[in-house]
Amino acid sequence: MLNEILSFINENFQTLFMISVFPGLSFVLGFVIFAVWYQRKYLARLMIRMGPVHCGRRLGWLQLIADALKLITKELIFPKAANKPLFIFASIMLPVIPAAMIALIPFAPGLVIYNASGVSLLIFFAISTLFPVVSVIRGWAANNKFTIIGAFRNIYLDIAGEIPVFLASIGVMIWAGTYDLNEIVIQQSGMWFVIPQFLGFIVFFIGFLAMIEKVPFDIPTAETELIYGPNTEYTGAMFLNMMEADYVNVLAWTLLMITLYFGGYNGPRIFPDPIINGIFWMITKLLIAITIIFTIMISYARLRIDQAVRMGWNYLLPLSILNILLTLILKYIMFGGV
Amino acid sequence: MSARIRGYSPFTEIEEVGDGLFRLNMGPQHPISGQGRFIVLTDGERVFDIEMDIGYSHRGIEKILEYKTFVQGIVPVERMVMLDTSNILMGYVGAVEKVLGIEPPPRANYIRTIVMEINRILSHLYALGLLSESAAWNPAVFLWTTADREPFLDLLEMLTGARWSYSFFVPGGVRADIPRGFVERLRKTLDWFEKRIEVYEEAWIYNELFRMRTEGMGVVSRQQAIEWGLAGPNLRASGVPYDTRKNEPYAAYGELDFKIVTHNAGDSYARGWARVEEMKVSVDIIRQALDNMPEGPVKTRMPPRPKPGEAFFRVETGRGEMNVYIVSDGKEKPYRVKISPASFRNFFAIEMLPKTQEILLADVPVLIYSFDPWFLDADR
Amino acid sequence: MSETSSVNEGRPGLVDKLPKPIKKLFNWSRSYSIWPIHFVTGCCSPEYMQLFGPRYDLERWGVLPMGSTRQSDTLIFVGNVSRKMMLRALRLYEQMPEPKYVVVVGACATSKGPFPESYSLVRVKDYMDVDVYIAGCPPKPEAQAYGILKLRKKILEGE
Amino acid sequence: MLSEDIVSQIKEVLGEAVLELKSPEDKRIFLKVPSERVLEIANRLKDEFGFDMPISAGGTDYPKKNVIELFWIIWHSEMNKVLILKCEVDRENPEVDSLTKVWPGVQKFERETWELLGVNYKGHPRLKPLLLPEDWTEGYPLRKDFDLKPYRSKWGEKY
C-alpha cells in the first residue's frame with residue numbers, strides 16, 4: 001500500500017507539486033496572506049499611517065497569521081433563522097471556485113496545472129460563472145436583510161460586468177486565433193496584446209474591477225450601508241474563508257488579465273531557467289497589478305448600483321462589441337483573413 | 001430598574017410592511033449610524049421613508065442645568081458637542097451674560113473668536129471626512145482630516161490646557177490670556193492649512209466619482225430649507241444667506257469683514273462644498289482677529305445673581321445656528337434653560353427628503369452625512 | 001441592583017482545554033488581533049477617532065474596528081451610556097462570538113462622570129463585567145491606547 | 001422696517017388677542033396670546049407678517065401659577081427678526097393645537113416637549129417617544145416636581 005502510494009507520488013511528482021505548492025494551494029494561501037498584509041500596509045501609508053507594526057519584529061509581517069489563528073479559535077455562530085447546511089456549504093465552496101480558475105493559468109512554459117486541450121479560456125469563464133451563484137447562496141442562507149440585499153446586488157453587478165469582460169476577451173481570442181491561454185501567451189512574446197486590443201483592455205479592466213468587487217464596484221459589500229454585505233453573519237473561521245475567497249478571486253482575475261493583455265510569463269531573460277524566469281515575471285506583474293488595484297481603491301468613491309449597472313450595459317457592452325468589429329477589420333487588413 | 005430594562009428588547013422590530021417592502025434597521029450599531037438609529041423603509045434599493053430614532057445618548061442636560069449654578073453649567077453644556085465645544089459654550093455663556101447684564105472686554109471677544117473659528121475648522125474637517133467616508137468605505141480623506149485636526153488640537157491644548165473640553169469661556173470673558181508663542185504658531189499652522197484645503201479640493205471635492213454620487217441627490221430647495229428650519233451650512237447651501245455671525249454679531253464678528261458662503265443647488269454636493277469654503281472663511285477670520293487684537297484685560301467681574309427675566313441668544317456653531325433661551329427667577333441657578341441645537345433641526349430634513357424625491361439605499365449614508373449630524377447635541 | 005446578573009458569566013473558551021504551548025500561541029494571536037466593534041455611545045468619540053488616526057494609529061497593534069458584531073471581539077463603550085443604549089449594547093454583546101472583552105472609556109460610562117444627577121445615564125458595571133476602565137473626560141488618546149494595551153496584556157496572560 | 005413698527009402693527013392687527021407684547025431689544029419680539037387662538041394667530045403671523053422659519057419650540061413649567069408656558073421661536077427671514085410666541089396652558093390638562101401645519105420644522109421640538117413636559121399637541125402627526133427610553137414610566141423630566149435626587153450616583157461608592 002505504502003509502496004503504491006510512494007510510486008504514485010514518484011510518477012506524478014510534478015502534478016502533485018503544482019497542485020499543492022506552486023501554483024496551487026500553498027501559493028494561493030501565501031498570496032492571500034501577503035495581499036491582505038500588503039493592502040493594510042500600503043493603504044496605511046497612503047493614509048499617512050503605519051499599519052501593523054508590532055506583531056512580528058519588522059513591518060508587522062506576522063499580523064495576518066495572528067488574525068487567522070484568532071479567527072480559527074473563535075466561536076462559530078449559526079443564526080437561528082439561517083439555513084445551516086447551505087450556510088456552511090457556501091463558506092466552504094466560495095474560495096474553491098476562484099482557486100479552480102487559477103488551475104488554468106500558465107505560470108511558465110509548461111507550468112499549468114490543468115491543460116485543457118485548447119479551450120482553457122472558455123473553461124475559465126465557465127467556472128467563473130459559479131462564483132455569483134455561491135455568493136448568492138451565502139447571502140440567502142444567512143437570512144439577514146443586509147446579506148440578502150448584498151447577494152442580490154452581487155447578481156446585478158456580476159451580470160453587468162461579466163458579459164463585457166467575456167466579449168472583450170473574445171477580441172483577444174479573435175486576434176490570437178485560439179482559445180488556449182498558453183497559446184495566447186506564446187503569441188505575445190513579440191508584442192503584448194494590450195497594444196492591438198487597447199479598447200478591449202479598457203472594457204476588460206472596468207469589468208474586471210466589477211468582477212473582483214473592489215472600489216469603485218465594491219457594491220455588494222458596501223460597508224457604509226450594508227455593514228459587510230453577504231458576509232455580515234459569518235463568524236470566526238467561516239469569515240476567514242470569506243476573506244480568503246475575496247482575495248483568491250482577485251488573484252484569479254488579475255492573473256487572467258496579465259495572461260490576456262500583458263504577455264503572461266513573457267519577459268526579458270533574467271534567470272537562465274525559463275521556468276523560474278516565467279514565474280518571476282508573472283509574480284512581478286501580479287504585484288504591480290495589485291498595487292494599481294489598491295491605489296484605485298483609495299482614490300475613488302463607490303458607485304451606486306444603478307450607476308454601475310448602467311455603466312455595464314450602456315457603455316461597456318457596446319464598446320466591447322465595437323472592439324470585436326475593430327479587431328476583425330484590423331486583422332483582415334493586416335493578415336488578409338481571420 | 002435594570003430588571004425591567006433586561007426584559008425589554010425592541011432591537012429587532014423588523015416587520016414586513018406592505019408588498020415587498022421591509023424596514024431596515026441602521027443603528028445604533030452600524031458603520032454609519034453614530035449614536036442614532038435610522039429605520040429605513042425600502043424595497044431593497046429604493047428608499048421610501050427614513051425614520052430617525054435618537055435619544056441613545058440623552059443625558060437630560062436641560063434638566064441638569066436647573067440644578068447647577070450658572071458657572072457650573074458650563075461643564076455639562078460643553079459636552080454636547082466635543083468637536084465644537086467652544087461654539088456650543090458660547091451659546092450658553094452668551095445667554096448667561098445677557099441674563100446677568102455684563103459685557104466681556106474686547107480682548108476676550110477676540111480670543112473667543114479665534115478659539116471658535118478653530119473649533120469650526122475642526123468641526124468642518126470632521127464633516128468633510130465623514131462625507132467622504134460615507135460615499136465609499138474609503139477612509140483616506142477621513143484619516144487625512146483626522147491627521148489635520150491634530151495641529152489645531154495642539155494649539156488649543158497650548159491655549160487652554162485641554163484638547164477638546166476646555167471650559168475656556170466663562171461668563172464675563174475667558175479664563176486666561178494668550179500664551180507666549182501662540183500667535184506665531186497659529187499663523188504658521190494657518191499657512192500650512194490653506195495648502196491642505198487645496199489638497200482636499202483636488203482629491204475629493206473635484207473627484208469625478210464623488211460628484212457622480214452627490215450631485216443632484218438630496219436636493220433641499222430654498223423654500224423647503226426655510227420651512228423645515230434647517231441650520232448652518234445646510235441652510236446656506238440651499239441659498240439662504242443666513243449666518244448668525246453676520247446677522248446678529250456676537251463676540252468680535254461685528255468688527256471683522258467676511259463673506260457668507262452660499263450655494264444655490266441645495267444638494268449633497270453643495271453642502272459638502274459649503275463646508276470647504278467655510279473653512280477658508282474661518283482661516284481668513286482668524287487672520288483678521290490676530291491682526292486687530294486689542295490689548296487689555298480678558299475678564300470682567302461677574303455678579304452672583306441676575307435680575308429675574310429671560311434672554312434669548314443665538315450663536316453659529318459648526319453645524320449651524322444654536323439658540324439658548326434662559327428664564328431666570330433671580331436665583332443663582334437658572335429656572336429653565338432651553339437649548340435648541342442645530343443637529344436637531346437638520347434631522348427633520350433627513351426624515352422629509354425621501355418623501356419628496358427618489359433616494360436609493362446607497363444614498364442614505366451620503367445623504368445623512370451631508371447634513372453633518374451629531375447625535376449628542378440633538379439628544380442633549 | 002443586585003439582580004442584574006452580568007451576561008458574561010464565566011467565559012471558559014475552547015482554549016482552556018488545550019495543552020499549554022498551544023494555549024500560549026492562541027493567546028498570543030488573540031492579543032495581537034483585537035477587533036473592536038464599530039459602536040460609539042457617547043461624546044468621547046472624537047477622541048476615539050483620533051486614536052485610530054494617523055498620529056496614534058492603533059492598527060500598529062492590530063486593532064481594527066469592524067462593522068459587524070459577528071466578526072468583532074471587543075465591545076468598547078465610548079463615553080456616556082444611556083438606558084436606551086444599554087439595551088442595545090447588551091444585545092450586541094450577546095451576538096458577539098466568544099471570547100469577548102469589554103472596555104469602558106471615559107468617566108461617564110464608568111460612574112456617570114460629569115452628569116451624576118442624570119436620569120438617563122447608567123453605569124456599565126451594573127450590567128456586565130468589565131475588563132479595562134479608562135479614566136478621563138475625555139481620556140486622551142495616549143490613555144486610551146494604554147488601556148487597550150492593558151487589555152492586550154490581560155489576554156496575553158490568559159486571564 | 002423698525003422693530004417698533006412691526007410691534008405696533010402686530011398689536012393693531014391682532015387686537016385683543018395680544019396678552020403681552022414687548023420688544024426689549026432690537027430683533028427680539030415677545031408675544032403672548034391665549035392658548036385657544038394659537039393656531040389662528042400663527043397662521044396670520046406667517047401669512048400677514050412673514051415669520052417663516054421655525055428655530056425652536058418648548059415650554060416652561062410654573063407649578064406655583066399652575067400653568068405651563070409654551071413657546072415657539074420663529075425667525076423672519078427677510079426682516080431678520082425673532083418672534084417668541086408664547087401661550088399658557090393649564091398644568092393639569094395641558095393641551096394646545098400643534099403648529100406643525102404652519103411651520104413643519106417645529107415637529108421635532110413639539111414631539112420633544114410632549115415627551116419631556118407632557119404637553120398634548122392636538123393634530124401632531126407623530127407623537128412617539130423620541131429621547132427617553134421606550135420603557136420610561138417615571139414621569140415628565142422637565143416638570144419642576146420631577147426630582148433628580150433618586151438618580152444621583154453616590155460619592156465614595158466603590159467602582
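A:Phe166 is partly exposed, with a relative accessible area of 30%. Keep in mind that this is a predicted model, so the values here are computed from its atoms. Now, how many aromatic pairs are there over all chains? A search of the whole structure turns up 43 of them. One has A:Phe166 teaming up with A:Phe125 in an edge-to-face pair, with 5.0 Å from centre to centre and 80 degrees between the planes. Why does that count as edge-to-face? Because the angle of 80 degrees is over the cut-off of 60.

This pair also links distant parts of the chain: A:Phe125 belongs to helix H6 (residues 120-128) of chain A, A:Phe166 belongs to helix H8 (residues 145-176) of chain A, and they are 41 residues apart. Is A:Phe125 buried or exposed? At 4% relative accessibility, A:Phe125 counts as buried.

Hop over to chain B for another aromatic pair. B:Trp192 and B:Phe193 are tilted, at 6.3 Å centre to centre with 45 degrees between the planes. B:Trp192 is partly exposed at 31% relative accessibility, while B:Phe193 is buried at 0%.

Back in chain A, rings also join up into a cluster. Its members are A:Trp192, A:Phe201, A:Phe204, A:Phe205, A:Phe208, A:Tyr261 and A:Phe262, linked by ring pairs.

In chain B, the charged end of B:Arg196 sits over the ring of B:Tyr200, 5.5 Å from its centre. In chain D, you'll find D:Lys22 over the face of D:Phe30, at 5.3 Å from the ring centre.

### Opposite charges

Side chains of opposite charge can pair when their charged atoms come close. How many salt bridges does the count come to over all chains? The answer is 72. Here are some of them, with their N to O distances.

| Salt bridge | N to O distance |
|---|---|
| B:Asp53 and B:Arg37 | 2.9 Å |
| B:Glu310 and D:Lys86 | 2.8 Å |
| D:Lys65 and D:Glu88 | 3.9 Å |

Start with B:Asp53 and B:Arg37, whose side chains meet in a salt bridge. The pair links distant parts of the chain, with B:Asp53 in strand S4 (residues 46-53) of chain B and B:Arg37 in strand S3 (residues 37-42) of chain B, 16 residues apart. B:Asp53 is buried, with a relative accessible area of 10%, and B:Arg37 is buried as well, at 2%.

Next come B:Glu310 and D:Lys86, which meet in a salt bridge of their own. Their pair crosses between chains, running from strand S7 (residues 309-317) of chain B, where B:Glu310 sits, to strand S5 (residues 81-90) of chain D, where D:Lys86 sits. B:Glu310 is partly exposed at 24% relative accessible area, whereas D:Lys86 is buried at 7%.

Then there's D:Lys65 with D:Glu88, at 3.9 Å. D:Lys65 lies in the loop between strand S3 (53-62) and strand S4 (67-76) of chain D and D:Glu88 lies in strand S5, so their pair ties together parts that are 23 residues apart in sequence. D:Lys65 is exposed, with a relative accessible area of 53%, and D:Glu88 is partly exposed at 28%.

Some salt bridges share partners. In chain B, B:Glu117, B:Arg120, B:Arg236, B:Asp243, B:Arg245, B:Glu278 and B:Glu316 are joined that way into one network.

How many disulfides does the structure hold over all chains? It holds 0. Take C:Cys44: the nearest cysteine sulfur is that of C:Cys43, 5.4 Å away. Why is that no disulfide? Because the two sulfur atoms would have to be within 2.5 Å. C:Cys44 is buried at 4% relative accessibility. Likewise, C:Cys137 is in no disulfide, and the nearest cysteine sulfur, from C:Cys108, is 5.2 Å away. C:Cys137 is partly exposed, at 27%.

### One last residue

To finish, find B:Thr214 in helix H8 (residues 208-214) of chain B. B:Thr214 is buried, with a relative accessible area of 0%. Leaving out residues up to four places away in sequence, B:Thr214 touches B:Asp267, B:Ser268, B:Tyr269 and B:Val366. The side chain of B:Thr214 also reaches the backbone oxygen of B:Phe210, at 2.8 Å.

Definitions and conventions: Residues are numbered from 1 along each chain as its sequence is written. Chains are lettered from A and ligands numbered from 1 in the order in which they are written. This is a predicted model: local features need pLDDT of at least 70, side-chain atom pairs count only at pLDDT 80 or more; totals for chains, interfaces and linings use all residues. Side-chain values use heavy atoms; hydrogens and water are left out. Helices (H or I, at least four residues) and strands (E, at least two) are DSSP runs, numbered from the N terminus. Buried means under 20% relative accessible area, exposed over 50%, partly exposed in between (1.4 Å probe, protein chains only). Contact means heavy atoms within 4.5 Å. A polar contact is a pair of N or O atoms within 3.5 Å; within protein, one must be able to donate a hydrogen and the other to accept it, and residues adjacent in sequence count only if both atoms are side-chain atoms. Rings of Phe, Tyr and Trp (its six-membered ring) pair if their centres lie within 6.5 Å; planes under 30 degrees apart count as stacked, over 60 as edge-to-face and the rest as tilted. A charge sits over a ring if NZ of Lys or CZ of Arg is within 6 Å of the ring centre and within 35 degrees of the ring normal. A salt bridge is a side-chain nitrogen of Lys or Arg within 4 Å of a carboxyl oxygen of Asp or Glu.
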